[in-house]
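Me: I have a structure open and would like to talk through it. Can we start with the overall picture and then go into the details?

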Amino acid sequence: MSLALSLAVFKIVLLAGLAGWLSLVALNNLIAFGNGAFALGQIMRMAPLQQAPTIQTPLLARKVESAFWHRAVLAVVLAAEIVSALLLWAAAAGFAGLATEPAAWANLALAAFMATCFLMLIGGSWFAYYIRQDNVQLLHFVLIGVAAAAMLVVNLRG
């Protein structure tokens, strides 16, 4: 086996793995949309800050109680997840020889994936989720790091 082939296999596994995971996340959000809207609503209502011991902060003025907005924001996140997943699948297929310029497709896919993660990170930070849900914020930072590391990997020449 050549170095170039082994690198291509690694890139396919990386991109298809991210695509598979994100596809499952999007499918779960689609099937259990109401549950996802409720969970997102907890962040947007800033409910964790109101659990004992309550945290009094002027940031509570940002809370959004409307279920309509919880559903609308989840719809935007779901659309971003679907677009990112489709691009990741296309990038994996590109490294399998089904498209020209596979690294360009991968860069686009990983940029979309990173943008989706930043969407969640910035949205959550607006509602101060880092105060009581720092593990969720950490997950978003880790996913951004995964996207950045994957960007370096897919651009390796073998």
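**Helices, core and surface**

Reply: V9 is partly exposed, with a relative accessible area of 40%. This is a predicted model.

Me: Which helix is V9 in?

Reply: V9 belongs to helix α1.

Me: What does the C-alpha trace span along its principal axes?

Reply: About 60 × 25 × 20 Å. The protein has 158 residues, and 37% of them are buried.

Me: Now the largest nonpolar core. How many residues, and which have the most contacts inside it?

Reply: It has 37 residues, and L15, L88, L110 and F113 have the most contacts inside it. The elements giving two or more residues to this core are α1 (3–31), α2 (33–44), α3 (67–98), α4 (102–126) and α5 (134–154).

Me: What does L15 touch?

Reply: Leaving aside residues up to four places away in sequence, L15 touches L88, A91, A92, F95, A106, L110 and V154. L88 and L110 are also listed with L15 among the core residues with the most contacts.

Me: Which residues of α1 are buried?

Reply: L7, A8, K11, L15, L18, A19, L22, A26 and N29. The cover over the buried residues of α1 includes α2, α3, α4 and α5.

Me: Why would residues three or four places apart point the same way?

Reply: An α-helix has 3.6 residues a turn, so residues at that spacing point the same way.

Me: How does the reach of α1 compare with what is expected?

Reply: α1 has 29 residues and reaches 41 Å from its first C-alpha to its last, close to the 42 Å expected at 1.5 Å a residue.

Me: N29 is on your buried list. Why does it count?

Reply: Because its relative accessibility is 17%, and buried means under 20%.

Me: What does N29 touch?

Reply: N29 touches L74, L78 and E81, again not counting residues up to four places away in sequence. N29 itself is found in helix α1.

Me: How far apart are N35 and R71?

Reply: In sequence they are 36 residues apart; in space, 10.0 Å, C-alpha to C-alpha.

Me: Last one, α5. What should it span, and what are its end C-alpha atoms apart?

Reply: The 21 residues of α5 should span 30 Å at 1.5 Å a residue, and the end C-alpha atoms are 30 Å apart, which agrees.

Me: Which residues of α5 are buried, and what covers them?

Reply: The buried residues are Q137, H140, L143, I144, A147, A150, V153 and V154. Their cover includes α1, α3 and α4. One of the contacts here is between V154 and L15.

Definitions and conventions
Residues numbered from 1 in each chain as written. Predicted model: local features only at pLDDT ≥ 70, side-chain atom pairs only at ≥ 80, totals over all residues. Heavy atoms only, no water. Core = buried A, V, L, I, M, F, W, Y, C linked by side-chain atoms within 4.5 Å. Buried < 20%, exposed > 50% of the residue type's maximum accessible area, 1.4 Å probe, protein only. Helix = DSSP H or I, 4+ residues; strand = E, 2+ residues; numbered from the N terminus. Contact = heavy atoms within 4.5 Å. Expected span 1.5 Å × (residues − 1).
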